[in-house]
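Let's take a walk through a protein together.

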Amino acid sequence: MSDYLIYKRGLKVTIASLFLFVCLAYESGDYVYWNQRRYLTWEDFRVRRQISKEDKSVAGTDCVCKISIRPEGNLIHLQVNAVVNKAKSWVKESSRNAKILAHEQGHFDIVEINTRNFRRDIKAHAFKTATYKSELDSMTRICWAETDAEQDLYDKETAHSNNSEAQSAWLKKIELDLKASEAYANPEITFLGEGLW
């Protein structure tokens with residue numbers, strides 16, 4: 001099995017080989033797996049940062065898309081989850097309030113929406129045996145470039161949650177996008193990949 005961790009704000013791709021398939025829960029060590037019944041709490045922001053007066057940021061949620069790949073004969077099993085890395089998420093102590101937490105949840109939800117879109121694209125794609133990994137890598141880069149652009153737009157339009165009207169509009173949009181993408185909420189994808197492994 002291989003795991004891909006895709007980040008933005010560091011949306012970077014790292015690949016590690018693993019030999020055990022791990023069943024993923026809503027929460028696992030340093031990660032919170034996206035779930036409609038489990039919202040972020042301030043306990044999920046473990047990093048203590050010194051912030052200069054010039055730095056206007058008050059919180060940072062390390063949202064990640066985690067992709068696990070497990071071959072089984074001719075079948076390829078993917079597990080594609082939106083997660084928050086608690087060990088890399090931070091908040092300015094004086095900014096622990098409901099408004100900021102809702103904004104950070106919005107970032108997590110945007111990653112979940114784009115993860116669902118990624119699952120949709122994977123299911124629709126006809127992978128070629130010889131180029132399977134490079135095709136998946138290319139799809140990953142495209143998806144997370146789009147995610148990064150949406151995250152930046154969210155922060156810009158909401159002024160990092162300071163524009164209440166824009167923040168409310170974004171949270172409504174996010175809610176509608178989550179409903180519209182429910183068909184791709186299942187993180188598990190299995191498809192035939194004869195000769196891939």
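Helices (H or I, at least four residues) and strands (E, at least two) are DSSP runs, numbered from the N terminus. You're looking at a predicted model, where local features need pLDDT of at least 70 and side-chain atom pairs count only at pLDDT 80 or more, while totals for chains, interfaces and linings use all residues. Residues are numbered from 1 along each chain as its sequence is written, and side-chain values use heavy atoms, with hydrogens and water left out.

Start with the overall layout. The protein chain has three helices and nine strands, and along the sequence they come in the order β-β-β-β-β-β-β-β-α-α-α-β. Of its 197 residues, 46% are buried; here buried means under 20% relative accessible area, exposed means over 50%, and partly exposed is in between (1.4 Å probe, protein chains only). Next come contacts, meaning heavy atoms within 4.5 Å. Among contacts between residues at least 6 apart in sequence, 73% join residues at least 24 apart.

Now for the helices. Two packed helices are described by the angle between their axes and the distance between the axes. The axes are lines fitted to C-alpha atoms, for helices over the stretch in contact, and the angles run from 0 to 180 degrees between N-to-C directions. Find helix H1 (residues 98–124) and helix H2 (residues 132–158): they pack at an angle of about 150 degrees, with axes 10 Å apart. That angle makes H1 roughly antiparallel to H2 (under 35 degrees counts as roughly parallel, over 145 as roughly antiparallel, 65 to 115 as roughly perpendicular and the rest as oblique). The crossing of H1 past H2 is right-handed. To picture that, a crossing is right-handed if the near helix is turned clockwise from the far one by less than a right angle, and left-handed if anticlockwise.

Who does the touching? On the H1 side you'll find, among others, Ala102, Ile110 and Phe118, and their partners in H2 include Leu136, Met139 and Trp144. The residues of this contact of H1 with H2 divide into ten nonpolar, nine polar and three charged. In this sorting, Ala, Val, Leu, Ile, Met, Phe, Trp, Tyr, Cys and Pro count as nonpolar, Asp, Glu, Lys and Arg as charged, and the others, Gly among them, as polar.

Slide along to H2 and H3. This pair also packs at an angle of about 150 degrees, with axes 8 Å apart, and the crossing is right-handed. Glu150, Leu153, Tyr154, Glu157 and Thr158 of H2 make the contact with Ala166, Gln167, Trp170, Leu171, Lys173 and Ile174 of H3. The residues of the contact of H2 with H3 divide into six nonpolar, two polar and three charged.

The loop between H2 and H3 deserves a stop. Ala159 sits in that loop and has a positive phi of about 50 degrees, although it is not a glycine. His160 is found in the loop between H2 and H3 too, and its phi is also positive, near 55 degrees. Ala159 counts as partly exposed because its relative accessibility is 33%, and His160 counts as partly exposed at 46%.

Let's head inside. In soluble globular proteins, nonpolar side chains tend to be buried together. A nonpolar core is a set of buried Ala, Val, Leu, Ile, Met, Phe, Trp, Tyr and Cys residues joined through side-chain atoms within 4.5 Å. The largest one here has 36 residues, and those with the most contacts inside it include Leu78, Phe108 and Phe191. The elements giving two or more residues to this core are strand E6 (63–72), strand E7 (75–85), H1, H2, helix H3 (164–180) and strand E9 (188–192). H1 gives the most, with eight residues. Zoom in on Phe108: leaving aside neighbours within four places in sequence, its contacts include Val32, Trp34, Leu40 and Ala82.

Finally, compare two loop residues. Ser89 lies in the loop between E7 and strand E8 (90–91), and it counts as buried because its relative accessibility is 0%. Ser89 and Ala59 are 30 residues apart in sequence and 7.7 Å apart in space, C-alpha to C-alpha. Tyr184, in the loop between H3 and E9, is partly exposed, with a relative accessible area of 28%. Not counting residues up to four places away in sequence, Tyr184 touches Arg116, Arg119, Arg120 and Lys123.
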